[in-house]
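Good morning, colleagues. Please bring the sequence and the structure up on the screen, and I shall then take you through several parts of the two chains.

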Amino acid sequence: MGRRGVPGHNPAPGSRGVSESGLAEVILAVENISLSFGVMKVLDNISFDIRRGEIRSIIGPNGAGKSSMLNVINGFYHPQQGSITFKGATRRQMAPQVAASQGIARTFQNIALFKGMSTLDNIMTGRNLKMKTNLFWQALHIGPARAEELENREAAEKIIDFLDIQAIRKKPVGKLPYGLQKRVELGRALAAEPELLLLDEPMAGMNSEEKEDMCRFVLDVNSEFGTTIALIEHDMGVVMDLSDRVLVLDYGKQLADDVPDKVRANQKVIDAYLGVPHE
Amino acid sequence: MDPTEQDDILDTFPKLLHSHVQLRPERDAIREKDLGIWQSWTWAEAAVEIRALACGLARLGLKRGEKLAIVGDNRPRLYWGMTAAQALGAVPVPLYQDAVADEMAYVLDNADVKIALVEDQEQVDKMLEVRDRCPKVEHIIYDETRGLRLYEHDFLHEFEKVQQDGIAFDHDHPDFYDREVALGKGSDVSIMLYTSGTTGNPKGVVLTNDNVIITARNGIIREGLTSNEEVLAYLPMAWVGDNLFSYAQSYVAGFCVSCPENPTTIANDLREIGPTYYFAPPRVYENMLTQVMIRMEDAAEIKRKMFHYFMEHARRVGVKILNREKVSLKDALLYRLGDILVYGPLKDVLGLRRTRLAYTAGEAIGPEIFDFYRSLGINIKQLYGQTECMVFICVQPDGEVYADTVGTPAIDVEIKIDDNGEIMYRSPGVFHSYYKNPESTASTKTEDGWVHTGDAGFFDEHNGHLKIIDRAKDVGKLTDGTLFAPKYIENKLKFFSFVKEAVVYGDGRDYSTAFINIDLDAVGNWAERRNLAYSGYIDLASLKDVYQLIKECVDKVNQDLSEDSRLANSQIHRFLILHKELDADDGELTRTRKVRRNYVGERYDVLVEALYSDKQQCHIETRVTFEDGRTGTLAADVQIWDAEVYPATILPREAAA
């Protein structure tokens, strides 16, 4: 299958604000990305873009390459082919520290928190890049380091308030139920005040009430802070409700890229999910 | 009590507010934990906020006699909403914040609410959902802006914006606020509270300023409360008790009320505030005790032994010491030591270290639970009353506290028992009327001001305290004509920490039977310590060992009942453990968590019939409502067990001795 054009795709992303058609500027565009591990082709010539302020979902059956795509975006995997354009700067590949300092934050499919640390401390680690004072001042906890600590603590408290996790502020996250750990992880990602937030299956393993809460938080993050969100999710109901646009991958190939209603009706997508044999 | 001249003037809440601004402008009036820090407002600051809000409400068109609905957790801004409405002569109508939209629609419409002041997006969504059914609601004001930025409606207003407009309005009409406040009278309607309604639709209880303020003042006088009390406002604002303890008494005595950060942080906030004056329904005390016991079972051996040793000592002498009775020097010293090592730290963890006065009411409290707290030196007392009398008509006097009575009549309260055994009262707190419901008002309140409580009870011959048996209408008869008081039996069952709820049937039947809800925490912990695997509530509730555990509880209750000749025939013959927890969202409990026995009986009629057959098992499918309002089905095979029934005439304990 060849590469599909992306409707409304702008070849020079980042160079425009809201166009005449009412579309927001493109914050991130990936072009012709291919990624292999040895003979395994994980991503095959994938191109899509993410516009500022939208909720963009990537869906697909297991092993479709969804997490790999996020790993490419935040620089954890280096694709053999293609380019990534983030906020107007085109690169062959991202580096994790560049992604983080440029405003990309993420959560992980398998929770990656510091289990022995409290919720508050975990969220504070997300502020790491916002801290400017050096170790010397921080160790003494005086002068600018103190002011900075107060400022970061306030930011962390605002996130705790936002996510309604005041009751577990001082609890070690390792002891928390899974659903709450997921919420703390979202909190840590938010602490970096990202422009683009990558969420890798934020609702996996949750019951319907926890999912509902998480959906509300994702929508609130998007509308309150204007954060652009790229979301990987298995729950189709969630994806179709939340997303502005949906990218469908299957075996590393791009099956569809459209608004939820059209994706839902796309025969190729239905086949992929119902398991039509591949040639 | 002769009201002083000043009391005559201070007959409304806005006037009381003004008096505190004069008397103690710099003292804290209200506090709330926000972003991890306790933020306070002094009386002077609170008055400024309230004035701005009142003017804002006036600008939106709220007039004398009109209704302002208030929906949300306990927050300063919502409490200010009450005073602001009262300043305009309007009537605040607090609603239960966890009610689903349909329940709210009824109250909003019945109360003729004009403006709704709500906490957050969740509540705004509910209001929008029922808006077309409540055309009288003209404006909605919200406190928390999160998630609401994209909502664009003319009738939707942000709290701060309303205040800003209010300030501008105040600037243009400088006399307006003071003039409105001066117009208020003691006989004006102060608040409308909807009773939870164990039967039929909720009724709006109309209470005047005199009802609320005089009752609040009488309570303060009787217990010697001062402006130095610390109170945590954590019970629903729609409940009359919160209106008395966290609002009215604060305004009368001038003490500071603290609002928790979040409903889930209450235990922690309680510890930080350390209230001196505390109210909780029995289940809160039960939960606290269960938590303590669970944690102690998991504690290191030395701690556990120390805990049990000193608690045993406290059980023996603690209550006597609290009642200022004489104990031996050795016991007194040992109690002191226990206070340093166990009681003090324990009270600290519970947040009750500074508590001078704690109340409980609403349901009967288990004697063990009651004695546990009293033996720690916490002066916990029972009171009795209802919404229609502004919370209480009976309170236990200090030094005369018994687990099975509700005390003596409060100041200015007259109580009598009518021929059917129903308790009736007359007091300054007696409600004005049920809103738009003259028939109910007439059937509840007599011409000369006596109110039917609907409870059956009697005065104890020895100590003159009032004792409650059951709801008068729930007291029934078995087919052999003997007395059947279900609540009395249910309470006995609920005194076991393993039993969360019990529903007993027997009226018009040959014998009594029971539905049991196990306490997931307590039984779960018990099961874990015995290495019993279970996957959730349904699974745990169906385990044979759990049934055996509950059977032992039921057997003990039967043994108790067999000792009372009047109640021996209502021993429980058969019981089952329900496959789901009774839930207010399914209509099985009221919003104040009281079991709706008849509704539960209808909903599970298959199970009730099975209890009165010889079946050992019964299949049931139940529709359940999730928190988001969606429904699903729950199916289970429920076992039915027989309990031990004891002969009535022989008293086993005496026989053994």
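Let me begin with what covers the buried residues of helix 8 of chain B: the covering elements include helix 2 (13-23), helix 3 (43-59), helix 4 (76-87) and helix 7 (159-172) of chain B. Contact here requires that the C-beta atoms of two residues, placed from the backbone, lie within 7 Å. Helices (H or I, at least four residues) and strands (E, at least two) are DSSP runs, numbered from the N terminus.

Two remarks on provenance are in order. This is a predicted model, in which local features need pLDDT of at least 70 and side-chain atom pairs count only at pLDDT 80 or more, while totals for chains, interfaces and linings use all residues. Residues are numbered from 1 along each chain as its sequence is written, and chains are lettered from A and ligands numbered from 1 in the order in which they are written.

Which residues of helix 8 (residues 176-183) of chain B are buried? They are Y177(B), E180(B) and V181(B). These residues cover an arc of only 100 degrees around the axis, which puts them on the same side of helix 8 of chain B. The arc is taken over the directions from the helix axis to the C-beta atoms. On the face turned away from that buried side, helix 8 of chain B carries the exposed residues R179(B) and A182(B). As to the terms, a residue is buried if 20 or more other C-beta atoms lie within 10 Å of its own, exposed if 12 or fewer, and partly exposed in between, with C-beta atoms placed from the backbone.

**Helix 11 of chain B**

Helix 11 (residues 266-273) of chain B has D269(B), L270(B) and I273(B) as buried residues. Viewed down the axis, the buried residues of helix 11 of chain B fall within an arc of 105 degrees, so they line one face of the helix. Their cover includes strand 1 (28-34), strand 10 (230-232) and strand 11 (256-259) of chain B. Just after helix 11 of chain B comes G274(B), with a positive phi of about 60 degrees.

Most residues other than glycine have a negative phi. L35(B), although not a glycine, has a positive phi of about 50 degrees. L35(B) sits in the loop between strand 1 and strand 2 (37-42) of chain B, and it counts as partly exposed, with 15 C-beta neighbours inside 10 Å. In chain A, E201(A) also is a residue other than glycine with a positive phi, near 50 degrees. E201(A) lies in the loop between strand 7 (196-200) and helix 7 (208-225) of chain A, and is partly exposed, with 19 other C-beta atoms within 10 Å.

Chain A comprises 10 helices and 10 strands, and buried residues make up 40% of its 279 residues. Five of the five residues of strand 7 of chain A are buried, so this strand is largely enclosed by the rest of the structure. L196(A), L198(A) and D200(A) point one way from the strand, and L197(A) and L199(A) the other way.

How does strand 7 of chain A pair, and with which strands? Strand 6 (residues 104-107) of chain A pairs with strand 7 of chain A in the parallel sense over four bridges, and T107(A) stands opposite L199(A). Strand 8 (residues 228-232) of chain A pairs with strand 7 of chain A, also in the parallel sense, over five bridges; there the bridge partner of L197(A) is I229(A). Pairing requires that DSSP find at least two bridges between two strands.Strand 7, helix 7 and strand 8 of chain A make a right-handed β-α-β unit; right-handed means that, with the strands pointing away from the viewer, the path from the first strand over the helix to the second runs clockwise.

Turning to helix 6 of chain A, 11 of its 14 residues are buried, so helix 6 is largely enclosed by the rest of the structure. What covers these buried residues includes strand 6, helix 3 (119-125), helix 5 (143-162), strand 7 and helix 7 of chain A. E193(A), which follows helix 6 of chain A, has a positive phi, near 50 degrees.

**Between the chains**

Finally, 13 residues of chain B are in contact with 15 residues of chain A. The residues on the chain B side divide into three nonpolar, five polar and five charged. Here Ala, Val, Leu, Ile, Met, Phe, Trp, Tyr, Cys and Pro count as nonpolar, Asp, Glu, Lys and Arg as charged, and the others, Gly among them, as polar.
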